Amino acid sequence: MPFSLPDLPYSYDALAPYMSRETLEFHHDKHHLAYVNNGNNLMKGTEFENRPLEDVVKSSYFGNPGLFNNSGQHYNHVHFWKWMKPGGGGNMPGNLETQIIADFRSVAKMKEDFIQAGVTQFGSGWCWLAVKFGKIEVMKTPNGESPLVHGARPILGCDVWEHSYYIDYRNRRSDYLKAFVENLVNWEYVAEMYEAAR
Ligand SMILES: [Fe+2]
């Protein structure tokens with residue numbers, strides 16, 4: 001099945017002032033679309049063409065860097081739009097909160113570690129919450145990689161490529177990450193992915 005660009009689950013203005021219409025127009029309509037188109041061109045006529053997205057990501061990781069970069073970024077962005085919502089941040093569902101407190105001691109410590117992972121990812125990449133061996137961990141990955149290719153299941157990711165924040169925050173990546181955690185995260189969707197990953 002070819003990749004297709006999903007619609008944003010909210011309007012282009014819905015995440016302002018934390019993420020502007022201009023950022024979403026460039027990031028969704030141009031950057032994500034390019035990953036979709038490049039991925040489809042690279043898959044055409046190959047063994048990957050009719051495989052599910054996660055399978056394409058995992059099996060292209062070794063030996064097909066062009067397809068991996070584009071399918072990996074398609075996977076990451078499909079979820080990234082859903083990991084945010086207008087009026088996000090705030091409280092999270094109890095099942096998720098219980099596990100986070102067990103693994104990080106507090107929600108505040110988890111947020112601190114997540115932001116730190118994003119700030120210290122050198123160059124382009126992502127920071128994550130992922131489920132590995134039944135525990136929730138903070139991870140960071142370069143470029144289009146995700147926990148999927150490191151033996152874990154992603155449940156939250158923040159895009160720290162400059163295209164994700166430079167229009168709104170310029171070089172202030174840590175301010176972007178704080179706004180993401182405190183004002184944008186859709187914790188219900190994170191909890192849904194956590195339940196599926198357990
Ligand atoms: Fe991106």
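In this predicted model, helices α6 and α7 are roughly perpendicular to each other, because angles from 65 to 115 degrees are classed that way and theirs is about 100 degrees. Helix α6 covers residues 162-169, and helix α7 covers residues 173-184. Two packed helices are described by the angle between their axes and the distance between the axes. For this pair, the axes lie 9 Å apart.

The contact involves residues from both helices. On the α6 side they are Ser 164, Tyr 165 and Tyr 169, and on the α7 side Arg 173, Asp 175, Tyr 176 and Ala 179.

The iron ion has as protein donors His 27, His 77 and His 163, each through NE2, and Asp 159 through OD, at 1.9 to 2.1 Å. Along the sequence, these donor residues follow the spacing H-x49-H-x81-D-x3-H. Because His 77 sits in helix α3 (residues 65-82) and His 163 in helix α6, the two tie together parts of the chain that are 86 residues apart in sequence.

Are these two histidines buried or exposed? His 77 has 0% relative accessibility and so counts as buried. His 163, with a relative accessible area of 15%, is buried as well, because the cut-off is under 20%.

What is the geometry of the iron site? The angles among the 4 donor atoms run from 92 to 143 degrees, and the site is irregular. A tetrahedral site would need all angles between 85 and 135 degrees.

Methods:
Residues numbered from 1 in each chain as written. Predicted model: local features only at pLDDT ≥ 70, side-chain atom pairs only at ≥ 80, totals over all residues. Heavy atoms only, no water. Donors = N, O, S within 2.8 Å, 3.2 Å for Na, K, Ca; no water. Tetrahedral: all angles 85-135°; square planar, octahedral: opposite > 155°, others 65-115°. Helix = DSSP H or I, 4+ residues; strand = E, 2+ residues; numbered from the N terminus. Buried < 20%, exposed > 50% of the residue type's maximum accessible area, 1.4 Å probe, protein only. Axes fitted to C-alpha atoms, helices over the stretch in contact; angles between N-to-C directions. Parallel < 35°, antiparallel > 145°, perpendicular 65-115°, else oblique. Contact = heavy atoms within 4.5 Å.
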